[in-house]
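Hi everyone, thanks for coming. Let me bring the structure up on the screen, and then we'll walk through it together.

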Amino acid sequence: MTDIELTVNHRAVHALVEPRTSLADFLRDERNLTGTHLGCEHGVCGACTLLLDGVPARSCITFAVSCDGADVTTVEGLDDDEIATELRAAFTREHALQCGYCTPGMLVSARDLVKRLPDADEQAIRVGMSGNLCRCTGYVGIVRAVQSVISARRARGIAPEHDAGRRLLGPVGSGHAACVSVQPSVALVAPVEMISAVAPLVIPDFTPSTVLEQHFDVAHPPAKVFAIFEDIAGVAACLPGASLTGTPMPERIEGAIRVRIGPISANFNGAARVESDAAQLSGRILGIGVDQRSRSQTQGEIRYRLLPIAESAATRVELSIGYSLTGMLAQVGRSGLVRDLAARLIAEFAGNLDRRLSHGADAARVPAAELNGISLVFGLLRDRATRALRRVIGRGDTAS
């Protein structure tokens, strides 16, 4: 059991909970707040949506212990909320509910849109409400209800709040003490709609959640290889999918990296800083980036060390790649696949680096191709199939 303290509907709560208990189960079973409904219990249907530190969150996939120190507001806590009151009246007026099971989550998500959207744009509302599913209404009445509240409030001169309670870039709820110790958060410096184009002025240190160790050899002396690593534009030219968007400086390099795996496309925009130690032929590249489409954030670092081999005529490049990923893309990653894809990505980087070292300016004119996950995955599957076939053949030879 874990001891937690949090605020639920403006009241301090102290409780002992099992680490596996979801926030939804804790509220329903321990606090008797049954207005938070459970549907899919996979974070898909939106019926369990509530406010965590003022931001809509799926309580069925949020552990209660992760909310130590957080401010939780369920639909019961919105009884006296001005926007929620207007939405309830609009839902009734526009026939936006029938069985009502999805309505608590709908109200929480709709309230966030009413606060943020500058006008009653139907497409923006449909996109914003797409995470809340309803089997009854066909959504037309729901959209009309949200539109009517937004239009009425803007007509009364109530301006939109671009952040609508978001004060930190990172997972919902990351602003309270328990989460800050685990995953540093970055203060927002722009409205959430513009966050993809903005990175923090200071690139923070962090502890990666995943670290991959790789190495490769190039037939060039360490000093020449180190010169390339000192040239961030040269590194970017060798890394598939990477590009620079500003004039690079050691303390801040702005750029982007684009990844495409089948139908999934991510374009991380952000910034990085570079540290190097010429005496040790080592260094670090530390960066942060955000993909606006998926609302995913990544922090990463590449540590490198160059070792002379073949009597200093060649170089072994040792890499330690660490990263942390939050948001939708973190839900589709698999550690084994990521490791194999990273190995193939590094192989492409090594080939590009070797060509750049061998051909200099001529190689610089040929930009590195976009990181295409399809070719990487097919190559990965081919390699795995080859290894499996070799094992089968090996067992056959042993048996005979």
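So, start with E18 and R20: their side chains meet in a salt bridge, with 2.9 Å from N to O. Keep in mind that this is a predicted model. Are these two buried or exposed? E18 is partly exposed, at 34% relative accessible area, while R20, at 68%, counts as exposed. Side chains of opposite charge can pair when their charged atoms come close. In total, the structure holds 15 salt bridges, and I'd like to show you a couple of others.

Go to R126, please. Its salt bridge partner is E122, and the closest N and O atoms are 3.0 Å apart. Where do the two sit? Both R126 and E122 lie in helix α4, residues 122-128, and they are four residues apart, about one turn of the helix. R126 has 35% relative accessibility, so we call it partly exposed. E122 is also partly exposed, with 38%.

Next one: E275 with R284. Here the closest N and O atoms of the salt bridge are 3.2 Å apart. E275 is partly exposed, at 32% relative accessible area, but R284 comes out at 10%, so R284 counts as buried.

What is the strand order? Reading across, we get β2-β1-β5-β3-β4, five strands in an open sheet with mixed pairing. At the edges are β2, residues 11-17, and β4, residues 55-58, each of which pairs on one side only. From one strand to the next, the twist averages 40°.

For a parallel example, look at β1, residues 2-8, with β5, residues 71-73; they pair over two bridges. One thing to click on there is V8, whose bridge partner in β5 is V72.

Which helix packs on this sheet and touches β1, β2, β3 and β5? That's α1, residues 23-30, and its direction makes about 105° with that of β2. Then there's α3, residues 103-116, which lies across β3 and β4 and runs at about 45° to β3.

While we're on helices, let's look at α5, residues 140-155. It has 16 residues and reaches 22 Å from its first C-alpha to its last, close to the 22 Å expected at 1.5 Å a residue. Several of the residues in α5 are buried, including I142, V143, V146, V149 and I150. R153 and R154 are on the buried list too. What do the buried residues of α5 pack against? They pack against α2, α3 and α4, so α3 and α4 turn up again here. Just after α5, have a look at G157, which takes a positive phi of about 85°.

Last stop: N352, which has its place in helix α9, residues 335-359. Buried or exposed? N352 has 15% relative accessibility, under the 20% cut-off, so it counts as buried. The side chain of N352 also has a polar contact with the side chain of R355, at 2.3 Å.

Note on methods
Residues numbered from 1 in each chain as written. Predicted model: local features only at pLDDT ≥ 70, side-chain atom pairs only at ≥ 80, totals over all residues. Heavy atoms only, no water. Salt bridge = Lys/Arg side-chain N within 4 Å of Asp/Glu carboxyl O. Buried < 20%, exposed > 50% of the residue type's maximum accessible area, 1.4 Å probe, protein only. Pairing = 2+ DSSP bridges. Axes fitted to C-alpha atoms, helices over the stretch in contact; angles between N-to-C directions. Contact = heavy atoms within 4.5 Å. Polar contact = N/O pair within 3.5 Å; in protein donor to acceptor, adjacent residues only side chain to side chain. Expected span 1.5 Å × (residues − 1).
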